[in-house]
Amino acid sequence: MPSELLLHHRLEAELSGLWNQDKRWRGAVDAAIKKLLSDPHGAGRPLKGLADHELQGRIHRLHVGGRRGYRLFYWLPIPKPNSELTLVIPAYLSENPRSGFDYDRIDLDEAGMDVVRDYREGRFDCFKRFRNPATLFLCLEKLKPQ
Amino acid sequence: MGGRQICSIPLAVYRRLWLLRVIEQFKDACHGRARLQKVAFFSEQAQEKKPFTFQKFQYGPYSQELDDTLEQLLSLRLVTLEPTPRGGNSYRAAICEKQPCVHRHWLDKIDARAGDAIGKAVDQYGYLSHDSVIDAGHSVEGFNEAEDYAVLLEGDIRDQIPVPLSEDECEDLSLSLSTKFNEVVRAFSETDWESDLDKVQLVDAV
C-alpha cells in the first residue's frame with residue numbers, strides 16, 4: 001500500500017531548518033523521510049506502555065540522525081476499509097538532539113496539538129500532502145531562511 | 001543492573017511510577033486519600049530514595065506533591081478515584097482495570113527495594129481502620145513536637161533520577177507517563193484524518 005505524508009507547516013519548517021543546517025543533518029532528514037514513506041510501520045519504533053491500550057502501536061518514534069540524533073514522532077491512523085494508502089502524520093520533532101531536551105517539559109503544541117487543532121478546525125492550508133520524498137526535499141530546500 | 005546502560009528519567013515520572021506501585025499493591029483498592037498518604041509516608045520512610053516531601057498536617061504526614069501526582073495519574077486514566085459507600089469525603093483509589101499493567105512492573109525493575117518497602121507498608125498499614133491509620137500517622141517520631149506544616153520527611157531526589165534501563169526504555173517510560181503527551185496522542189486518535197484529506201494540497205511537483 002503506498003504511503004502519503006500529511007505534513008503540518010510547523011513540522012515542515014522544523015524539518016527544513018534541519019535540512020538546511022548542514023550536510024550531516026540533511027543526510028539524516030533524507031534517510032528518515034525516505035524510510036518513513038517507504039515503510040512507515042517499520043521506519044520507527046512504536047512507543048511502548050502508553051496509558052491507553054487503544055493507542056498502542058499507533059504512535060511511532062523515529063531517530064533522525066541515529067541514536068544521538070533528533071526524535072520524530074509520527075501517527076499512523078487506522079486505515080479505513082476501502083483506503084488505498086497508508087497515511088503518515090508527523091506530530092513532533094524534538095527541538096534538540098537527544099540529551100538536549102526533556103520529554104516532561106514539552107508543551108502541548110510542540111507535541112502536536114496544533115496539528116490536530118488546525119486539521120479539526122478545517123485549516124487545511126496549514127498542511128501539505130507528499131507521496132514523493134524528492135518533492136518534499138525540494139520544498140524543504142525552498143523554505144531555506146534567506 | 002544486568003549490564004544495562006544507566007540512563008535517567010525525570011523526577012515527575014519516577015513519582016508517578018512510585019505512586020502507581022503503591023496503589024497497585026492494595027488487594028482491591030486503597031480506601032481513602034488519608035490512607036494513601038500514610039502508607040506512602042511509611043513506604044518512603046523505609047527506603048533509600050525519597051521522591052516526596054511530607055509535612056505535618058492535622059491527619060498526620062501529608063505530601064502535596066503526592067496529591068498532585070495522584071491527580072496526574074487520574075488525568076492519565078491509569079487510576080480511578082470513586083466515592084465509597086461511607087460517603088462524605090471518602091474515596092477509593094484503584095488502578096484502572098482497563099489499562100495494561102506495564103507500568104506496575106517498571107518500578108520493581110528500577111528499584112526492587114522500593115517495591116519491598118511499599119509491600120511491607122501496605123501490609124502493615126494499608127488495611128487498618130481509618131482511625132488506626134490516623135493514629136499511626138500521629139505516632140510518627142517527632143510528629144507531636146513538630147510545628148504545623150513542618151517537614152517530617154524530605155524528598156531527596158533531584159530533577160532526574162538515574163535508572164538501570166536502556167535509553168529507549170527511559171524514553172518510553174517518560175513519554176508514556178507524560179500527561180501532555182498522552183493528551184496529544186488521544187487527540188490524534190480521536191481525529192478523523194481521512195475524510196477531509198482531499199481538501200489538503202497534494203504536492204507532486206514544485
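User: Which strands does helix 2 of chain B lie across?
Analyst: This is a predicted model. In it, helix 2 (residues 33-45) of chain B lies across strand 3, strand 4 and strand 7 of chain B.

User: At what angle does helix 2 run to strand 4 of chain B?
Analyst: Helix 2 of chain B runs at about 80° to strand 4 of chain B.

User: In what order do the three strands of that open sheet come?
Analyst: The order is 4-3-7 in chain B. The pairing is antiparallel.

User: Which are the edge strands?
Analyst: Strand 4 (60-62) and strand 7 (151-153) of chain B are the edges. Each of them pairs on one side only.

User: How are neighbouring strands of this sheet turned against each other?
Analyst: The average turn is 50°, with direction ignored.

User: How many bridges join strand 3 to strand 4 of chain B?
Analyst: Three bridges join them, and the two strands run antiparallel. Strand 3 covers residues 54-57. In this pairing, K56(B) stands opposite P61(B), which is in strand 4 of chain B.

User: New topic. Where is W18(B)?
Analyst: W18(B) sits in helix 1 (residues 11-25) of chain B.

User: Is W18(B) buried or exposed?
Analyst: W18(B) is buried, because 27 other C-beta atoms lie within 10 Å. The cut-off for buried is 20 or more.

User: What does W18(B) touch, leaving out residues up to four places away in sequence?
Analyst: W18(B) touches P51(B), L107(B) and A114(B).

User: And what separates the C-alpha atoms of W18(B) and C7(B)?
Analyst: Those two C-alpha atoms are separated by 18 Å. Along the chain, W18(B) and C7(B) are 11 residues apart.

User: Back to chain B as a whole. How many helices and strands?
Analyst: Chain B has eight helices and nine strands. Its C-alpha trace spans about 75 × 45 × 30 Å along the principal axes. Of the 206 residues in chain B, 39% are buried.

User: What share of the contacts in chain B join residues at least 24 apart?
Analyst: The share is 74%, among contacts between residues at least 6 apart in sequence.

User: How many residues does each chain bring to the contact between A and B?
Analyst: Chain A gives 41 residues and chain B gives 39 residues. On the chain A side, strand 5 (86-93), helix 4 (113-120), strand 6 (127-130) and helix 5 each supply at least two residues. That side of chain A divides into 23 nonpolar, six polar and 12 charged residues.

User: Which strand of chain B pairs with strand 6 of chain A?
Analyst: Strand 9 (residues 201-203) of chain B does, in the parallel sense and over three bridges. Here K128(A) has Q201(B) as its bridge partner.

User: What about helix 2 and helix 5 of chain A? At what angle do they pack?
Analyst: Helix 2 (residues 23-38) and helix 5 (residues 133-142) of chain A pack at about 145°, with their axes 10 Å apart. Their crossing is right-handed.

User: Which residues make that contact?
Analyst: Helix 2 of chain A brings D30(A), I33(A), K34(A) and L37(A). Helix 5 of chain A brings P133(A), L136(A) and F137(A). Together they divide into five nonpolar, no polar and two charged.

User: Last one. What is the mean pLDDT of chain B?
Analyst: The mean is 88, and 91% of the residues of chain B reach 70 or more. Where pLDDT is low, the predicted coordinates should not be read in detail. The model also scores ipTM 0.91 and pTM 0.82.

Methods: Residues numbered from 1 in each chain as written. Chains lettered and ligands numbered in written order. Predicted model: local features only at pLDDT ≥ 70, side-chain atom pairs only at ≥ 80, totals over all residues. Axes fitted to C-alpha atoms, helices over the stretch in contact; angles between N-to-C directions. Helix = DSSP H or I, 4+ residues; strand = E, 2+ residues; numbered from the N terminus. Left-handed = near helix turned anticlockwise from the far one by under 90°. Contact = placed C-beta atoms within 7 Å. Nonpolar A, V, L, I, M, F, W, Y, C, P; charged D, E, K, R; others polar. Buried ≥ 20, exposed ≤ 12 C-beta atoms within 10 Å, placed from the backbone. Pairing = 2+ DSSP bridges. pLDDT = per-residue confidence, 0-100.
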